[in-house]
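The stops below go from one selection to the next.

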Amino acid sequence: MATPAENEYEFALARELGLPISLHAGMAGLPGAVDQLGRQGLLGPDVNYVHATEFAEQEWTQVTESGGTVSATPTVDMTRAGSARG
């Protein structure tokens with residue numbers, strides 16, 4: 001949802017201030033967020049990914065290996081077209 005430059009600035013600011021980072025990722029219409037952040041060197045244990053209903057297997061691996069966390073939002077995800085998995 002942001003440009004690579006915006007991501008780098010916002011992640012750096014949050015880390016400078018010692019704040020956790022939370023972002024929408026892995027939801028319908030927004031594929032590849034974890035891959036993009038990984039290419040930018042921004043993954044880490046201070047990053048929480050909200051939704052994750054559309055993560056590819058390699059994105060789950062990247063989140064796990066970087067120590068990141070995932071927050072489930074079942075009520076929202078069940079109402080979003082393409083997000084609910086059976």
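Start with helix α1, residues 4-16, which lies across β1 and β2 and runs at about 150 degrees to β1. Helices (H or I, at least four residues) and strands (E, at least two) are DSSP runs, numbered from the N terminus. Axes are lines fitted to C-alpha atoms, for helices over the stretch in contact (heavy atoms within 4.5 Å); angles run from 0 to 180 degrees between N-to-C directions.

This is a predicted model: local features need pLDDT of at least 70, side-chain atom pairs count only at pLDDT 80 or more, and totals for chains, interfaces and linings use all residues. Residues are numbered from 1 along each chain as its sequence is written, and side-chain values use heavy atoms, with hydrogens and water left out.

Next, select the sheet. It is open, with three strands in the order β1-β2-β3 and parallel pairing; two strands pair if DSSP finds at least two bridges between them. On average, neighbouring strands are turned by 30 degrees against each other, direction ignored.

Zoom in on β1 and β2 (residues 47-51), which are parallel and joined by five bridges. Here I21 stands opposite V47 in β2.

Now show L23. Apart from neighbours within four places in sequence, L23 contacts F11, L37, V47, N48, Y49 and V50.

Of its 13 residues, F11, I21, L23, L37, V47, Y49 and F55 touch the most other members. Two or more residues each come from α1, β1, α2 (33-39) and β2, and β1 gives the largest share, three residues.

How values were computed: A nonpolar core is a set of buried Ala, Val, Leu, Ile, Met, Phe, Trp, Tyr and Cys residues joined through side-chain atoms within 4.5 Å. Buried means under 20% relative accessible area, exposed over 50%, partly exposed in between (1.4 Å probe, protein chains only).
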